[in-house]
Amino acid sequence: MAAMKPVLYSAAISSCSYRVRIALSLKDYEKINPIKYVPALQDGDILVSDSLAIILYLEDKYPQHLLLPQDLKRKALNLQIANIVCSSIQPLQCYAVIGLIKGKLGPDESLQIVHHYIDKGFRAIEKLLEGCDSKFATGDEVQLADVFLAPQIHAGVTRFDIDMSKYPHLERFYKAYMEIPAFQAARPENQPDAPSLPQ
């Protein structure tokens with residue numbers, strides 16, 4: 001019997017889903033999550049939710065294009081950057097947006113909070129990458145850190161008007177990411193459920 005392709009349940013605008021779409025594309029792969037958050041990946045009888053868990057699952061199951069290097073220092077740096085994005089930036093920026101939607105925050109206050117958390121995380125990542133002269137965050141091949149950085153930078157630029165010139169490494173990496181077909185295909189505006197923009 002032929003193996004079934006994994007099925008990703010996601011939302012176009014979700015940066016968490018964006019991360020997983022990149023990992024799926026790089027690895028040549030395309031039940032609703034019990035917590036009702038996106039993304040969730042159904043792979044046969046296995047259901048995995050949370051972008052980091054999905055990407056680590058894909059890393060183990062599909063060894064082509066490894067996202068985590070064998071070198072322990074580089075591996076730790078990849079995991080640290082991924083965790084800054086998925087634990088210290090993205091969920092906190094979402095609380096500010098949710099507060100705006102629920103009427104608990106005004107637009108300026110919400111945007112100020114979003115900028116605070118993105119700035120704090122981006123400054124920490126820039127500090128970790130001091131002296132970095134590689135094409136991508138942790139080397140000349142796309143790795144886990146890049147899969148997490150690209151969607152966060154994209155959201156910062158396109159949704160929250162973040163001035164990336166304050167983050168020279170991240171700005172340089174983002175330009176390089178946007179040249180890679182897997183990253184281009186995973187962009188929110190290229191998804192079937194992307195909201196239509198007014199013309």
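**Entry 1: Lys-175**

I started at Lys-175, which lies in helix 6, residues 168-177. The model is a predicted one, and I kept that in mind throughout. Is Lys-175 buried or exposed? I looked up its relative accessibility and found 55%. The cut-off for exposed is over 50%, so Lys-175 counts as exposed.

**Entry 2: the whole protein**

I stepped back for an overview. I counted 7 helices and 3 strands. How do they follow one another along the sequence? The pattern reads β-α-β-β-α-α-α-α-α-α. The protein has 199 residues, and 47% of them are buried.

I then went through the pairs. Strands of a sheet pair through backbone hydrogen bonds, either parallel or antiparallel. Tyr-9 has Ala-40 of strand 2 as its bridge partner.

Strand 3 covers residues 46-49, and its antiparallel pairing with strand 2 runs over 4 bridges. Here Gln-42 stands opposite Leu-47 of strand 3. I also checked the turn of this hairpin. It has 2 residues between the strands, and Gly-44 takes a positive phi near 65 degrees.

**Entry 3: the faces of strand 2**

I wanted to know how strand 2 is covered. In a regular strand the side chains alternate between the two faces of the sheet. Strand 2 spans residues 40-43. Which of its residues point to which side? Ala-40 and Gln-42 are on one side, Leu-41 and Asp-43 on the other. All four are buried, and both faces of the strand are covered.

**Entry 4: helix 2**

I moved on to helix 2, residues 51-61. At its start, a side-chain oxygen of Asp-50 reaches to within 3.1 Å of the backbone nitrogen of Leu-52. I listed the buried residues of the helix: Ser-51, Leu-52, Ile-54, Ile-55, Tyr-57, Leu-58 and Glu-59.

Then I looked up how helix 2 meets helix 5. Two packed helices are described by the angle between their axes and the distance between the axes. For helix 2 and helix 5, the axes come within 12 Å and cross at roughly 145 degrees. The crossing is right-handed. Which residues meet there? From helix 2 come Ser-51, Leu-52 and Ile-55, and from helix 5 Leu-144, Val-147 and Phe-148. The residues of this contact divide into 5 nonpolar, 1 polar and no charged.

**Entry 5: His-154**

I stayed with helix 5, residues 144-158, and found His-154 in it. Is His-154 buried or exposed? Its relative accessibility is 4%. Buried means under 20%, so His-154 counts as buried. What is around His-154? I left aside its neighbours within four places in sequence. The remaining contacts are with Tyr-18, Arg-159, Tyr-174, Arg-187, Pro-188 and Glu-189.

Last, I looked at backbone angles. Most residues other than glycine have a negative phi. I noted two residues with a positive value.

His-65 has phi near 50 degrees, and it is not a glycine. His-65 lies in the loop between helix 2 and helix 3, the latter spanning 72-101. Its relative accessible area is 29%, so I logged His-65 as partly exposed.

Asp-161 has phi near 55 degrees, again a positive value in a residue other than glycine. Where is Asp-161 found? It is in the loop between helix 5 and helix 6. With a relative accessible area of 65%, Asp-161 is exposed.

How values were computed:
Residues numbered from 1 in each chain as written. Predicted model: local features only at pLDDT ≥ 70, side-chain atom pairs only at ≥ 80, totals over all residues. Heavy atoms only, no water. Buried < 20%, exposed > 50% of the residue type's maximum accessible area, 1.4 Å probe, protein only. Polar contact = N/O pair within 3.5 Å; in protein donor to acceptor, adjacent residues only side chain to side chain. Contact = heavy atoms within 4.5 Å. Pairing = 2+ DSSP bridges. Axes fitted to C-alpha atoms, helices over the stretch in contact; angles between N-to-C directions. Left-handed = near helix turned anticlockwise from the far one by under 90°. Nonpolar A, V, L, I, M, F, W, Y, C, P; charged D, E, K, R; others polar.
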